[in-house]
Amino acid sequence: MTLLEVKNLKKYFPITKGFFRKVVGLVKAVDGVSFEIEEGETLALVGESGCGKTTTAKCILRAIDPTEGDIILRVDGKEVNLAKLQGEELKPYRRYIQMVFQNPYTSLNPRMKVKDIVGEPLLVNGIAKGKELEDMVAELLQAVGLRPEYMVRYPHAFSGGQRQRIVIARALALRPKLVVCDEPVAALDVSIRAQILNLLMDLQEQFKLTYLFISHDLSVVEHISDRVAVMYLGRIVELARTEELFENPKHPYTETLLVAVPKPDPDFREELRAIEGEVPNPANPPSGCHFHLRCPYAKKICEEVYPEYRNVGTGEEPHYVACHFAEQLTLRGIKIS
Ligand code: SF4
């Protein structure tokens, strides 16, 4: 069953000028993004910083108002379009979508004990209090691999990896259906990244979770995601099953992102061209294909016409891509280990 359906989502931020804050332009942070996430699935949203992935997540969480589009959530036999709800109307649905933030050092209140941090959502929503609340916090801490007696400690007593476990325990308190993980291991030491990724995968099974997993780094999503959507300048440019996207990329931008994936073959990186240049300004995107200024395969048409986002998959599974030459280019992928 499809848990979440995002249709033609747009988020434009106005650029204002002068005393009267006249609108002189728009930053199209998210510009017509569509995807679905099946129950129990992990969809990775990947792209360089500034491509719109976190803004997409904030719209889904309704931390910000989308400019246009639909965010359809299907829970408990009901279907609701979150994009059309406001204020109090959103309240009953907030518990179904929780977020794990990037930085466990800033996302925990240093003046609160762990039991208050993890227990707060349960208390605020009137789910438990007193001894029952404490028991539930203990259970959550155990689920994320922390000892229940740690609940009386403050966040400063924990390492980065342990703090991220506390953040995850808090996110699970309300038994969400969808967890948005925004770069959950980016701020952590490389040695403990795998532990947190493994924990997220174990919890997915245990709590029947669905993940939207945001990362700038394809290597992080290699093992955790079922499908990957690659974003560039506010739009999805490629979406396919993880193995297919890694081994048979169809968009030149995806090919360049694969350079960052560490592989044992030392020649591999040299064979791929490292991506050049900065992400263009979303307030003033290039004409035609937004990637054409950085694309090694760009031709005249790329400067003039935005490529159609279409299914080029040859098997049963769709493989969506927005590149004029997706069918002709032979891009270099990598084998998933
Ligand atoms: Fe490159 Fe042209 Fe394809 Fe854009 S449409 S990715 S510029 S080849």
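Is lysine 84 buried or exposed? Lysine 84 counts as exposed, at 54% relative accessibility. The model discussed here is predicted.

Side chains of opposite charge can pair when their charged atoms come close. In this structure the count comes to 17 salt bridges.

| Salt bridge | Closest N and O atoms |
|---|---|
| Aspartate 70 with lysine 84 | 3.4 Å |
| Glutamate 120 with arginine 170 | 3.0 Å |
| Lysine 300 with glutamate 304 | 3.4 Å |

Aspartate 70 forms a salt bridge with lysine 84. This pair links distant parts of the chain, 14 residues apart: aspartate 70 is in strand β4 (residues 68-75), and lysine 84 is in the loop between β5 (78-81) and α2 (91-94). Aspartate 70 has a relative accessible area of 21% and is partly exposed.

Glutamate 120 forms a salt bridge with arginine 170. Glutamate 120 counts as partly exposed at 31% relative accessibility, and arginine 170 is partly exposed with a relative accessible area of 31%.

Lysine 300 pairs with glutamate 304 in a salt bridge. Because these residues are four apart in helix α11 (residues 300-304), about one helical turn separates them. Lysine 300 is exposed, with a relative accessible area of 53%, and glutamate 304 counts as exposed at 51% relative accessibility.

Salt bridges with shared partners also join Glu5, Lys7, Arg74 and Glu79 into one network.

Conventions:
Residues are numbered from 1 along each chain as its sequence is written. This is a predicted model: local features need pLDDT of at least 70, side-chain atom pairs count only at pLDDT 80 or more; totals for chains, interfaces and linings use all residues. Side-chain values use heavy atoms; hydrogens and water are left out. A salt bridge is a side-chain nitrogen of Lys or Arg within 4 Å of a carboxyl oxygen of Asp or Glu. Helices (H or I, at least four residues) and strands (E, at least two) are DSSP runs, numbered from the N terminus. Buried means under 20% relative accessible area, exposed over 50%, partly exposed in between (1.4 Å probe, protein chains only).
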